Amino acid sequence: MNKTLKKITLSISIILLIHLSINAQNEIDALRFSELDWQGSARFMGAGKAFSAVGAEFSALNVNPAAIGLYKKSEVTFTPMTVSVYKNSSEYNGTATPGQRVRYNIGNAGIVLAVPGISSTLWKKIQVGFGYNRIANFNNVFSIEGRSKGSPLGSLFTAEANYKQLNANNSSAWYDELWAGWWAVLFDTVPGTETSYFTPLKDVDMFQSSSVVRKGGIDEMILSIGTNYDDMLFLGATIGVPCINFTEDRMYEEINDKEPDIVFRYYKMTDKLTVRSSGINLKLGIIYQPLDFLRLGLAFHTPTYYGNVKDNFDRKLYSATKYESLDMLPNDYLNYPNKFKYSLTTPLRATASVAFFIKQRAFISAEYEFADYSMATMYATDYNFSEENRTIQKMYGFSHIARIGAEVNINQLFAIRAGYNYISSPYKDEINDGSKHYASFGFGFRTNHFYGDFAYAFTTSKEKYWMLDPAFINAVNHKFITHRIVMTMGVRF
């Protein structure tokens, strides 16, 4: 197989980024909107989010609805401050580039009403809760800089141009971005031919840079109902309506800053992706307390169905040659939007938990959660997602989450907390890392009618990232670190 055909094969097998970007819906979106990162109140965050068997915590209603069954009083809770500081590092071809950003969001708000149960029976309480918690946070930022031998864009365009020519012997098979690369002289015809292409930038020392800014999250509105049977069995159900709000601004550029004799000087792509949707799911939970110091919990979440995912994508392309000054505004070759609607079903998940209590003054809680991300499915009436769904099944698998948390009441008013989480990678066969570590501590004070809580959480993770098609560019090694400060206040009555 000659070199051209090898490139063609790589292009087909991996699918060119250009096509993926224009049809922005793919396996990356399926994972992004399926992975959850439970957040909410400062007490919940400070004790490692391990409240599935502890109960009486509003943020736990998204994880184990039976937590509502432990409420003895009605409550209003509000988390007006969640401040996240992102300090990241991106290493590409030996060059590390830092990225930093500070973001703010409201963590949760809710109300739980606890009313007497059925008289003359052991059903002691009935509880109803309504509000929302943030269950995923997309906010992040990273920057990439580095050099490569040759232009990845030039190689990518060359392979695509040869593939197009091989399958359709006329230029009408080219799309606008290929023409933009052609006029920027990222690739050219092989001398003496009219149907074969090469890149004159094959061995040129190129400067590359990229920046990505992500915003938004998934906030889930919930309606929960629960009950308490003889202070031993606690049952709960939650209807969840998660709302996706995601925006990504991405820039990628290549600059020829060392070879003045080469015609190509500059090429830049700026992409803006916005995704909006709402879905629905059902969660069922149970907590059983066989002994005064022991509680066991179990919860099951149905898949979330997002029936109308609205995906808006806009790309702008700029370029310049040695006949144009880089000090001037480069040529704006293209500016076109793309809108698409599709449906997404996320995987089901389940949680098992246990909590130990020490003289009603402290608890230690542990829980295990799992989800199989290969079960995520995308579909639409006017597009066949069969290729994307096969890729989801090949790339993703089980993810395991372990949480442990503790709380100690120093006295009747003041308590301290700490916790740790490990989230395993959702990827199969170690094709990428996606594992995360979460550590937290916090404190709070409570009176008969009022409480205030504070927490600090630290999250770290690593992953590989490709600015373009992996067949033509090396991976970027990301290190993500997030510092989060949370404050909650509430009233009980």
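User: What makes residues 326-330 a stretch to treat with care?

Analyst: Good place to begin. This is a predicted model, where local features need pLDDT of at least 70, side-chain atom pairs count only at pLDDT 80 or more, and totals for chains, interfaces and linings use all residues. Residues are numbered from 1 along each chain as its sequence is written, and side-chain values use heavy atoms, with hydrogens and water left out. pLDDT is the predictor's confidence in each residue, from 0 to 100. Over residues 326-330 it stays under 50. Beyond four places in sequence, the model has six contacts for this stretch (a contact means heavy atoms within 4.5 Å). Where pLDDT is low, the predicted coordinates should not be read in detail.

User: What is the mean pLDDT of the chain?

Analyst: The mean is 89, and 90% of the residues reach 70 or more. Residues 1-23, however, have pLDDT below 50, and this stretch has 48 contacts in the model beyond near neighbours in sequence.

User: Why is Leu-186 called buried?

Analyst: Buried means under 20% relative accessible area, exposed over 50%, and partly exposed in between (1.4 Å probe, protein chains only). Leu-186 has a relative accessible area of 0%, so Leu-186 counts as buried. In the chain, buried residues make up 52% of the 493 residues.

User: Where is Leu-186 found, and what does it touch?

Analyst: Leu-186 lies in the loop between α6 (176-183) and β6 (188-189). Helices (H or I, at least four residues) and strands (E, at least two) are DSSP runs, numbered from the N terminus. The chain has seven helices and 21 strands. Leaving out residues up to four places away in sequence, Leu-186 touches several residues, among them Leu-153, Phe-157, Leu-201 and Tyr-267.

User: What makes a group of residues a nonpolar core?

Analyst: The name is for a set of buried Ala, Val, Leu, Ile, Met, Phe, Trp, Tyr and Cys residues joined through side-chain atoms within 4.5 Å. The largest one here has 49 residues, and those with the most contacts inside it are Phe-33, Ile-244, Tyr-342 and Leu-344. A second, separate core of 30 residues includes Phe-142, Ala-184, Leu-201 and Met-269. In soluble globular proteins, nonpolar side chains tend to be buried together.

User: Which residues does Leu-344 touch?

Analyst: Not counting residues up to four places away in sequence, Leu-344 touches residues including Ala-30, Phe-33, Tyr-305, Val-309 and Met-378.
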